[in-house]
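Open the model in your viewer and keep the selection tool ready. Each stop below says what to select and what to look for.

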Amino acid sequence: MPAFRQVGEKQLPNPVLCMAWSPKRDLIALANTSGELLLHRLASFQRVWSLPPSEYTGKEITALAWRPDGKILAFNLRDTKQVVLCGVEKAEILHVFPMQNAVTCMHWMEVMEESSALSSFYNSEDESKLFLPKLPTLPKSYSTTSKIFSEEKSDEIMNLLGEVRLNVLVLGGDSGFVELYAYGMYKIATLTGVSGTCRSLSLSSDLKSLSVISEVGSADNNAEICYIQLDTGLLSDCLPEVTRMARKFTHISTLLQYLHLSLTCMCEAWEDILMQMDLRLTKFVQEKNTSTQVQDEFLELLLWGQSSPELQALLMNQLTVKGLKKLGQSIESSYSSIQKLVISHLQSGSEALLYHLSEVKGMSLWKQKFEPLGLDSAAIESAITAVGSFSLKANELLQVIDKSMKNFKAFFRWLYVAMLRMCEEHVPPELNKMTQKDIAFVADFLSEHFTENEELFDRKGKYFNVERVGQYLKDEDEDLVSPPNTKGNQWLKFLQESIHLKESPLLFPSYPQKSLHFVKRMMENVIEHCLQKPAEVIGKSVKQALFLPLYTVPENSENTQQLFELPSLWNDKKAKMHYVLFCMPEISPCKLYLLRKGTDPNRHIPNSVMSIDLSHHRDNADDDDNAAAQPNYVYSCLDARFYDDEMLTVVLQGSEEENRRRVLAQVPLASTLSCETEFNWDPNLRLDQQNRAIPCQGLVLGNQWRELESMKAQFVAVNGIRKVACVLSANLRHIRVFEMDVEDEDDEGAESQNASADQDGLETTMSSQGQGEESVEAENEAEEQGGGVQKTEEHLESEEALELS
């Protein structure tokens with residue numbers, strides 16, 4: 001029996017493009033050619049959920065990466081050029097940000113360096129909770145028009161922050177495009193000058209360097225695979241400052257997302273029915289035969305209780321008593337909802353935004369520490385001013401809502417009574433009383449809101465703008481149709497007459513002619529500019545430390561398989577090394593090559609290049625008598641990944657006609673790394689042109705292998721922390737999942753008994769869950785026909801049960 005066992009197998013309906021194990025759980029994420037994202041658990045390869053493609057996000061997933069805590073999954077969509085952050089617990093899209101270039105690979109790492117400055121920051125990071133109230137939970141959507149944010153999400157949005165320890169999402173694409181995102185949210189660096197298209201990335205855990213595998217075009221139409229090492233010393237040298245700045249800017253990015261969702265909920269709370277009064281009055285103007293103004297018609301009804309036949313027809317036939325009552329209820333309900341959202345969400349979110357920006361401004365004034373990172377106090381001051389203007393506009397909206405609710409309440413009450421009298425119906429006594437003050441109040445409302453506006457008709461196709469709240473929620477560049485009346489405002493008059501206060505930086509501009517959406521967009525642009533400066537400065541500080549052309553590959557027509565192809569990168573955190581694992585099938589198909597470089601570009605690493613000969617004996621070669629009796633097999637490497645710092649997981653294929661079997665094996669690195677022969681690299685030649693001089697070590701598998709029968713195995717994904725592996729076939733549809741650290745029984749009979757018991761247990765488990773291969777396949781088909789996020793009845797286990805012991 002092999003030292004690892006199969007625990008699941010599946011034939012998938014669509015070819016798999018990407019697969020990645022969770023760093024903390026026995027879960028694997030898969031992306032297929034239909035644009036679907038799937039999450040499966042190790043046991044029996046049972047599906048947890050699937051996220052179908054959508055027009056809003058996209059359909060062509062090209063890369064996957066897990067956040068180091070295993071709670072967020074990032075994936076890229078090539079067709080829409082977007083990166084999406086998805087919550088793992090509920091398959092919810094939490095954040096989407098656009099990219100300028102197509103992303104071809106991504107890597108999400110966690111910084112492992114420790115220092116006293118970082119420790120004190122980790123302990124004091126939650127100080128904002130002492131001064132700021134917890135942000136209220138966002139309500140459920142008022143309608144189904146929201147594309148993705150339809151459930152209570154504010155807690156999940158704030159969970160985007162994750163742990164305090166710095167983690168960085170690295171994105172690479174074509175044309176040398178590389179970007180670094182702190183906590184997966186804030187762009188901390190934009191790198192330029194990388195040659196070719198990125199195939200793989202690895203940022204060292206000490207932040208000293210970034211390894212890139214790039215595909216560079218050449219004159220003979222064969223692409224060159226190159227290893228590039230970029231010196232990110234500024235990030236490493238200023239790690240405490242980078243962490244503080246990134247954490248604050250991530251807070252800010254998260255709050256902007258929270259405000260965006262709050263405004264979305266406000267827009268959904270505002271309904272089209274509120275426009276009914278404006279449209280009915282416009283139609284009345286167009287159809288009436290008299291020259292009397294609409295305002296005068298309503299004033300006559302107010303003062304004398306008499307109305308023209310045209311107005312009576314409008315009220316009784318088009319508006320109706322029932323319609324008026326429904327309109328009044330809709331306005332009151334809608335305005336109350338918007339008012340609550342402004343007070344509890346917009347204002348609290350704006351206050352939190354001001355708090356964090358003010359702290360960033362304090363950092364920027366500590367020039368010795370933060371100026372090298374590009375923090376600009378002037379840009380941050382502009383951002384603070386923009387947030388202040390947004391708060392003022394939100395407060396202005398509150399005043400408009402408050403005034404409108406009072407006006408509409410009095411107006412509808414009077415009009416409702418007038419219409420009941422027209423119908424000669426009973427008027428309730430509590431509605432029948434109307435004081436002189438009430439009459440004056442309604443008269444003022446009619447004179448202000450019921451004046452025909454030709455300019456408004458030309459712009460909006462209506463003569464009236466009785467409803468004043470909706471204009472604040474329109475995402476338009478145009479000025480407000482009915483801006484607030486500031487005549488008689490003593491404070492504004494005082495400011496205009498004061499020479500010293502007129503242009504004071506202490507006062508926030510109010511933009512009375514603009515909508516809330518417009519001011520929010522302006523605020524986002526200013527904050528975006530503020531956030532971009534450090535990314536540019538840090539990006540310019542990154543220099544290329546090493547450029548090594550490795551080998552050439554012919555033009556590949558199979559674009560899907562490129563996503564899995566070697567080389568693969570690994571960062572040994574303890575030894576502070578970058579490893580590159582690759583094959584050169586055109587030159588030496590039976591060898592696996594290993595390149596290693598220090599994370600510090602200035603550190604010399606002896607024996608930097610070595611190879612492993614894939615000719616081996618089946619059993620342990622330490623026993624000379626056994627070794628002589630065993631046949632010698634020659635293999636070529638189909639795929640290889642780092643299992644951990646000391647072990648490789650490889651998929652091998654027999655190179656001889658009589659041996660075409662495929663094998664999954666664990667290869668220890670100790671013997672290979674002990675090679676003492678030094679390789680002298682000629683900088684004028686590619687590595688494949690000098691491969692004969694590369695030191696070579698033999699391969700001994702021992703019992704760490706397993707033949708993959710009835711499967712054309714081609715690719716493998718592993719997680720040494722969770723001790724699991726997933727093997728994918730050449731057609732990208734057939735998957736097998738293995739536990740890699742299972743003890744063998746010494747006795748053969750015990751082994752076979754154990755194997756059958758395992759199989760029986762697996763069958764029992766599958767039948768008890770009510771899902772065999774066929775039932776899950778049927779579920780797949782059912783999910784393809786249905787839309788939305790499909791979930792199994794079984795949810796993810798609790799965080800405590802799934803955390804690493």
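**Stop 1: a loop alanine**

Select Ala-91: its relative accessible area is 4%, so it is buried (buried means under 20%, exposed over 50%, partly exposed in between, with a 1.4 Å probe and protein chains only). This is a predicted model, where local features need pLDDT of at least 70, side-chain atom pairs count only at pLDDT 80 or more, and totals for chains, interfaces and linings use all residues. Residues are numbered from 1 along each chain as its sequence is written, and side-chain values use heavy atoms, leaving out hydrogens and water.

Ala-91 sits in the loop between β8 and β9. Check its backbone: phi is positive, about 55°, although Ala-91 is not a glycine. Most residues other than glycine have a negative phi.

**Stop 2: the sheet around that loop**

Now show β6 to β9. Strands here are DSSP runs of E, at least two residues long, and helices are runs of H or I, at least four, numbered from the N terminus. The 4 strands form an open sheet in the order β6-β7-β8-β9, with antiparallel pairing. Which strands stand at the edges? They are β6 (61-66) and β9 (92-98); each has a single partner strand, so one side of each lacks a neighbour in the sheet. From one strand to the next, the twist averages 20°.

Select 72-77 and 82-87 next. These are β7 and β8, which pair in the antiparallel sense over 6 bridges (two strands pair if DSSP finds at least two bridges between them). Zoom in on Ile-72: its bridge partner in β8 is Gly-87.

**Stop 3: helix α5 and its partners**

Select α5 (239-269) and α9 (321-365). They pack at an angle of about 165°, with their axes 9 Å apart. Axes are lines fitted to C-alpha atoms, for helices over the stretch in contact; angles run from 0 to 180 degrees between N-to-C directions. α5 and α9 are therefore roughly antiparallel (over 145 degrees; under 35 is roughly parallel, 65 to 115 roughly perpendicular, the rest oblique). Their contact has 21 nonpolar, 8 polar and 3 charged residues. Nonpolar covers Ala, Val, Leu, Ile, Met, Phe, Trp, Tyr, Cys and Pro; charged covers Asp, Glu, Lys and Arg; the others, Gly among them, are polar.

α5 and α17 pack at about 160°, with axes 12 Å apart. That makes this pair roughly antiparallel too.

Step back to Tyr-511, in the loop between α16 (499-502) and α17. Its phi is near 50°, a positive value in a residue other than glycine. Is Tyr-511 buried, exposed or partly exposed? It is partly exposed, at 32% relative accessible area.

**Stop 4: cysteines**

How many disulfides does the structure hold? It holds 0, a disulfide being a pair of cysteine sulfur atoms within 2.5 Å. Select Cys-238: it is buried, at 12% relative accessible area. Cys-530 is buried as well, at 3%.

**Stop 5**

Finish at 713-719, strand β28. Of its 7 residues, 7 are buried, so β28 is largely enclosed by the rest of the structure. Its partner is β29 (724-729); the two pair in the antiparallel sense over 6 bridges. Ala-713 stands opposite Ser-729 in β29. The hairpin has 4 residues between the strands, and Lys-723 takes a positive phi near 60° there.
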